[in-house]
Amino acid sequence: MPLSTHATAFARLALTNITREYPNFPAHLTASADERTEPSSLHPAFYGAYDWHSSVHMHWLLVRLLRRHGGTPALVDTGPAVEVLDRHLTPDNLAVEAAYLRDRPSFERPYGWAWLLALAAECRAHGGEAGARWTGALTPAVAVVDRLLADWLPKATYPVRHGNHPNSAFALGLALDSGELSAATDQAVRERLLSWFADDHDAPAHWEPSGQDFLSPALSEADAMRRVLPREGFAAWLDRFLPALRTGGPCALLDVPVVSDHADPQIGHLLGLALSRAAALRSVAGALPDGPVRDRLGAAAEAHLAAGLPAVERGDFTTDHWLATFAALALDPVAGH
């Protein structure tokens, strides 16, 4: 199913969310009673969509839709989208965002960092005068993220392996896909992924999912490793990491998660898990040679996508503020520039 099928609805969701300041969940430590803490004061570019990272990746979604389908007015209304992006992605606004990141080195580490890099990459790929404006405005924030990553990686002795925002593998894979890192930081990311994961084997896939995952720890790791290993080496690594795929035995990662309450903000994360798994399963399958493992992963990806897509636009802010981004990842991967 192509992204174009959902372009109109997703663009509407993105526009609505990035301009909606409240409700808001700021991850901000208030230092004094005199401090201004309105979301639009703290984050003049990324104040909407409930929290900072969701705002960043919903901006990414809007730019992606403009790039893919902005030439088809019936799918994406270009005028309002460009107007909002021009209002948010200004040099002044992004200077505030860059300073906020620089002054708070652990803020949104590493998930929000990776999405900012993905947004910059999408603006660059968009091209034209608009893309150049947005890319230029984002450049200082990208430089800050590059520096923060370079400073953090040597201290990150252990990866975060759970299925929520701090997951190390998902964010670093997204950062590599962006192509926005300096050569030195890109190499440091690759080396850190290998040091964390190259020797992993017999992943406890039967432990997944946890009750509020929106990422699969095992599949996020596999998806990261397919980015840094040669094709033949990755297939051998995957055999060791998830041997049940090769033997044809049961593998919980291939089973669509059960979501008992779509409106619960934490249980509802599992809707995102279905979509992020679909994206990872597709990417991992694409890195494998033809055969039963690739076929099995592809079939599981389609089942997860079919389960997750109907939940993307429900009129419930708990899911509407973020889920479409992960649907787009599954339908049109970030690496597909």
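## Largest pocket

Helix H3 (52-69) and helix H15 (317-320) each contribute at least two residues to the lining of the largest pocket. H3 gives the most, with 4 residues. The structure is a predicted model, and the volume of this pocket is about 400 Å³.

The largest pocket has 21 lining residues, and those nearest its centre are Tyr-50, Asp-51, His-165, His-269 and His-321. Sorted by class, the lining of the largest pocket holds 11 nonpolar, 8 polar and 2 charged residues.

## Second largest pocket

The class count for the lining of the second largest pocket is 7 nonpolar, 5 polar and 5 charged.

## Cavities

Rolling a probe the size of a water molecule over the atoms shows where empty space is left. Over the whole structure, the search returns 3 cavities of 30 Å³ or more.

The largest cavity has a volume of about 250 Å³. It is lined by 24 residues, and Phe-170, Asp-223, Arg-227, Ala-279 and Ala-280 are the closest to its centre. Four helices each supply at least two residues of this lining: H8 (168-178), H10 (217-228), H13 (269-286) and H16 (323-331). The lining of the largest cavity divides by class into 13 nonpolar, 5 polar and 6 charged residues.

The second largest cavity has a volume of about 80 Å³. There are 14 residues in its lining, and Asn-24, Pro-26, His-43, Phe-46 and Trp-52 lie nearest the centre. By class, 10 residues of the lining of the second largest cavity are nonpolar, 3 are polar and 1 is charged.

## Packing of H8 and H10

The crossing of H8 past H10 is left-handed.

On the H8 side, the contact is made by Ala-169, Phe-170, Gly-173, Leu-174, Leu-176 and Asp-177; on the H10 side, by Ser-220, Glu-221, Ala-224, Arg-226, Arg-227 and Val-228. These contact residues comprise 6 nonpolar, 2 polar and 4 charged. Phe-170 of H8 and Arg-227 of H10 take part in this contact, and both are among the residues closest to the centre of the largest cavity.

## Packing of H3 and H4

H3, which supplies 4 residues to the lining of the largest pocket, packs with helix H4 (residues 78-88): their axes come within 11 Å and cross at roughly 140°. H3 is therefore oblique to H4. H3 passes H4 in a crossing that is left-handed.

His-59, Leu-62, Val-63 and Leu-66 are the H3 residues in the contact, and they meet Thr-78, Ala-81, Val-82, Leu-85 and His-88 of H4. By class, the contact of H3 with H4 has 6 nonpolar and 3 polar residues and no charged ones.

Note on methods:
Residues are numbered from 1 along each chain as its sequence is written. This is a predicted model: local features need pLDDT of at least 70, side-chain atom pairs count only at pLDDT 80 or more; totals for chains, interfaces and linings use all residues. Side-chain values use heavy atoms; hydrogens and water are left out. On a 1 Å grid over the protein atoms alone, a cavity is a set of points where a 1.4 Å probe fits but cannot get out, and a pocket is an open set with protein on both sides within 12 Å along at least five of seven lines; lining residues have an atom within 4 Å of a point. Grid points are joined across faces, edges and corners, and a volume is the space filled by probe spheres set on the points. Ala, Val, Leu, Ile, Met, Phe, Trp, Tyr, Cys and Pro count as nonpolar, Asp, Glu, Lys and Arg as charged, and the others, Gly among them, as polar. A crossing is left-handed if the near helix is turned anticlockwise from the far one by less than a right angle, and right-handed if clockwise. Contact means heavy atoms within 4.5 Å. Axes are lines fitted to C-alpha atoms, for helices over the stretch in contact, and angles run from 0 to 180 degrees between N-to-C directions. Angles under 35 degrees count as roughly parallel, over 145 as roughly antiparallel, 65 to 115 as roughly perpendicular and the rest as oblique.
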